[in-house]
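Here are a few exercises to work through with the viewer open. Try each one yourself before you read the solution.

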Amino acid sequence: MSTLWKRALATTTIALVAGFGMTACSTGDNGSTTTKTTQSQTEKAPKASSVMTADDFTQRMNDAQYKAGSAHFTQSTEVSGQKLETSGDMVLNKDAAKMRMSMSMPGGMEIRVVDGEVYMNLGQLTENKFFKAPKDGGNPIFAQLDQSLSQADLGKQLEVFKAALKDFKADEGAETIDGVKTTKYTLTLDTKKMLASSATEVPAEALKQLGDSVTYELYAGPDDLPRRMVMNMSGTAMTMDFSQWGSAADVTAPSADQITDKAPAGL
């Protein structure tokens, strides 16, 4: 039970922060930031559909995602040789407290986030109903979920990534994903700066294992919408694919008869 919960929580945290905050990585006022593209330096100013740069990357991706409004995602997370496959839908909102997400996991598990509330269906452990996570802060698992929600705020993520960005590269024609020709954007972030604003205390040994920098690979189409994100950090490898932009299923809270007040054993 403990191991399953840790894996579920880890993948939820990644999805929340990555799915709702990944575009808040910014911007060309860092002196060490560079941009590498295959475009000629003598070309005219780029059109809206051209390759993004470190200067306009954040704004363009945010605008595109908010305009689309929703997306479907599939996620593969591998930790210590164990792989966890998940999928779901997300509905974007500029107000992070109003974001919505559903995520299904093996074993009949499902997590939904609706307007700041977290509902967890753990199959037989919750009698195939949803348990609403409390917000009293007394349980470290639920406290971390609450923290994940707060960190999913796009504005906060913008400041974090803006301060931590060390390098930005763009490579056209990297891969065709779900029928869309993408550009691969590689972001290198300073680990200490990235974690500096986190409310979670990171042990010195864990920080050492992370290394000096963390790299994210993001594949986006000519419409500025993300199609894939790849992260490998401290033994955790995660690939997240996005599709059905603008036509993904809506996400709603469970009905009253789908909710139980009985906490799963071990929490």
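**Exercise 1. Classify F168 and Y185 as buried or exposed, then work out how their rings are arranged.**

Step 1. Start with accessibility. F168 has 0% relative accessibility, and the cut-off for buried is under 20%, so F168 counts as buried. Y185 comes in at 2%, so Y185 is buried too.

Step 2. Now the rings. There are 2 aromatic pairs in the structure. For F168 and Y185, the ring centres are 5.8 Å apart with the planes at 45°, so this pair is tilted.

Step 3. F168 sits in strand β7 (residues 165-177) and Y185 in strand β8 (residues 180-190), so the pair ties together parts 17 residues apart in sequence.

**Exercise 2. Decide how far to trust the coordinates, using pLDDT.**

Step 1. This is a predicted model, so check the confidence before anything else. The chain averages a pLDDT of 74, with 65% of its residues at 70 or more.

Step 2. Go element by element. Helix α1 (residues 2-21) has the lowest mean pLDDT, at 52, while strand β12 (residues 259-260) has the highest, at 94.

**Exercise 3. Trace the surroundings of W245, then look back from A68.**

Step 1. Skip neighbours within four places in sequence. W245 then contacts Q65, A68, S70, A71, M90, L92, L225, P226 and R227.

Step 2. A68 is in helix α2 (residues 57-68), and with residues up to four places away left out, A68 touches L225, W245 and G246.

Step 3. A68 and S247 are 179 residues apart along the chain, but their C-alpha atoms are separated by 8.1 Å.

Step 4. Classify A68. Its relative accessibility is 22%, so A68 counts as partly exposed.

**Exercise 4. Identify the pairing partners of strand β1.**

Step 1. Strand β1 (residues 70-79) has 7 of its 10 residues buried, so β1 is largely enclosed by the rest of the structure.

Step 2. One partner is strand β2 (residues 82-91), antiparallel over 10 bridges. For a landmark, A71 stands opposite M90 in β2.

Step 3. β1 and β2 make a hairpin with 2 residues between them, and S80 in the turn has a positive phi of about 50°.

Step 4. Another partner is strand β11 (residues 236-243), antiparallel over 8 bridges. Here T77 has M238 as its bridge partner.

Conventions. Residues are numbered from 1 along each chain as its sequence is written. This is a predicted model: local features need pLDDT of at least 70, side-chain atom pairs count only at pLDDT 80 or more; totals for chains, interfaces and linings use all residues. Side-chain values use heavy atoms; hydrogens and water are left out. Contact means heavy atoms within 4.5 Å. Rings of Phe, Tyr and Trp (its six-membered ring) pair if their centres lie within 6.5 Å; planes under 30 degrees apart count as stacked, over 60 as edge-to-face and the rest as tilted. Helices (H or I, at least four residues) and strands (E, at least two) are DSSP runs, numbered from the N terminus. Buried means under 20% relative accessible area, exposed over 50%, partly exposed in between (1.4 Å probe, protein chains only). pLDDT is the predictor's confidence in each residue, from 0 to 100. Two strands pair if DSSP finds at least two bridges between them.
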